[in-house]
Amino acid sequence: MEIKKAAVIGYPIKHSLSPIIHNSWIENENIKANYQKIEIKPQNLENFLLNFKEQKLAGVNITVPHKEEAYKILKNKIIMSDLANKIEAINTLYIKNGQIYGDSTDYYGFKRALLEEEPDLKIETKKILIIGAGGAAKAVIFGLLTDKAKQITVINRTEIKAKILKEKSNNQIVISGLEKIEEKITAADIIINTTSCGLNNLNNLKIDHQKIKGKKIFYDIVYKPLLTKFLCDAQENNHKIITGINMLIYQALPAFNYFFDIKPKITETQKKIFTEKALNN
Ligand code: ATR
């Protein structure tokens with residue numbers, strides 16, 4: 001039987017965890033397949049994507065810094081999912097029956113990780129505060145809009161970026177700056193940090209927990225460190241917290257299914273292994 005191949009492309013690509021996740025599932029499911037890392041410099045991205053069928057791959061994951069550019073290059077040339085068209089970015093490209101498809105699975109990962117912690121949560125009843133307006137925020141915002149969240153407020157240091165998202169959403173989101181953040185947190189049920197502030201705990205957001213009323217869910221999509229200052233402070237103040245690690249693991253699941261036609265089982269032991277690898281990477 002032919003070995004099915006898939007890969008992750010990005011630049012740099014050395015630290016990508018996708019091969020660890022996918023190869024572990026390949027082994028567990030006992031299928032003839034492999035998943036590699038391919039470094040693609042920005043100047044070579046177009047050539048790679050436009051000649052994708054020649055790479056003899058079942059599909060690829062697309063990571064930093066190529067998600068938006070890949071969408072731009074391929075938008076009128078392949079079949080994009082509705083969510084990819086809204087987010088204007090793709091993290092997965094795959095071939096089915098000779099046809100190339102593009103999708104963004106980040107929101108799938110985000111939502112599954114949220115619902116795993118809060119199985120009874122109904123997104124359509126929740127007021128959600130999103131901190132940040134970059135690429136990661138966009139995936140979460142347009143996913144939450146599709147799921148008809150009760151209210152979505154986006155706050156960002158650079159307000160113009162939030163304004164652009166507001167326009168793209170047909171004014172379905174409320175926007176503002178980072179000032180009086182505690183009032184905005186008090187008015188929400190779920191607070192999602194999509195900024196890169198948590199990364200290695202540099203440039204942390206300034207949140208005075210004494211000014212926050214009520215118990216909330218704080219969700220940080222950064223997974224390194226697992227407990228960002230944003231989450232540590234929230235935990236100390238008895239809020240529910242969700243780390244970014246399960247989002248990372250679960251976004252790989254639909255991609256694996258696209259590439260190899262199998263929904264892999266994810267065990268707690270695997271999750272522990274992935275988490276350790278992610279933190280030591
Ligand atoms: P990503 O694709 O990971 O979302 P990005 O597009 O560079 O990365 O977005 C990073 C987000 O983190 C932005 O919302 C950024 O705010 P600006 O739009 O004002 O740049 C936010 N961010 C990064 N460092 C920050 C800091 N020190 N304080 C507040 N926000 C910060």
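Lys-180 counts as exposed because its relative accessibility is 57%. Exposed means over 50% relative accessible area, buried means under 20%, and partly exposed lies in between (1.4 Å probe, protein chains only). The model is predicted: local features need pLDDT of at least 70, side-chain atom pairs count only at pLDDT 80 or more, and totals for chains, interfaces and linings use all residues. Residues are numbered from 1 along each chain as its sequence is written, and side-chain values use heavy atoms, with hydrogens and water left out.

Stay with Lys-180. The residue sits in the loop between S9 and helix H8 (181-186). Helices (H or I, at least four residues) and strands (E, at least two) are DSSP runs, numbered from the N terminus. The phi of Lys-180 is near 50 degrees, a positive value in a residue other than glycine. Asn-97 also has a phi near 50 degrees, positive although the residue is not glycine. Most residues other than glycine have a negative phi, and most peptide bonds are trans. Asn-97 belongs to the loop between S5 and strand S6 (99-103). Its relative accessibility is 83%, so Asn-97 counts as exposed.

Two peptide bonds into proline are cis. One runs from Tyr-11 to Pro-12, with omega near 0 degrees. Pro-12 is in the loop between S1 and helix H1 (18-29). Another joins Val-64 and Pro-65, where omega is about 5 degrees. Pro-65 is placed in the loop between strand S3 (59-62) and helix H3 (67-74).

Two strands pair if DSSP finds at least two bridges between them. S5 and S6 are joined by five bridges in the antiparallel sense. Within this pair, Lys-96 has Gln-99 in S6 as its bridge partner. Contact means heavy atoms within 4.5 Å. Axes are lines fitted to C-alpha atoms, for helices over the stretch in contact, and angles run from 0 to 180 degrees between N-to-C directions.

Another open sheet has six strands in the order S9-S8-S7-S10-S11-S12, and here the pairing is parallel. Strand S9 (174-176) and strand S12 (240-242) stand at the edges. Each has a single partner strand, so one side of each is left without a neighbour in the sheet. On average, neighbouring strands are turned by 20 degrees against each other, direction ignored. Look at strand S10 (residues 190-193) and strand S11 (residues 217-220): they run parallel and are joined by four bridges. Ile-190 has Ile-217 in S11 as its bridge partner.

Helix H5 (residues 106-117) lies across S10, S11 and S12, at about 145 degrees to S11. Helix H9 (residues 229-236) lies across strand S7 (127-131), S10, S11 and S12, at about 160 degrees to S11.

Is Lys-271 buried or exposed? Its relative accessibility is 8%, so Lys-271 counts as buried. This lysine lies in helix H11 (residues 268-280). Leaving aside neighbours within four places in sequence, Lys-271 is in contact with Glu-116, Asn-246, Ile-249, Tyr-250 and Ile-266.

Last come the spaces. On a 1 Å grid over the protein atoms alone, a cavity is a set of points where a 1.4 Å probe fits but cannot get out, and a pocket is an open set with protein on both sides within 12 Å along at least five of seven lines; lining residues have an atom within 4 Å of a point. Grid points are joined across faces, edges and corners, and a volume is the space filled by probe spheres set on the points.

The second largest pocket holds about 320 Å³ of space. Its lining has 15 residues, and Glu-2, Lys-4, Lys-56, Leu-57 and Ala-58 lie nearest the centre. Strand S1 (4-10), strand S5 (92-96) and helix H10 (245-260) each give two or more residues to this lining.

One cavity of 30 Å³ or more is found in the whole structure. The largest cavity has a volume of about 30 Å³. Asn-193, Cys-197, Gly-198, Asn-204, Leu-205, Lys-229 and Phe-230 line it.
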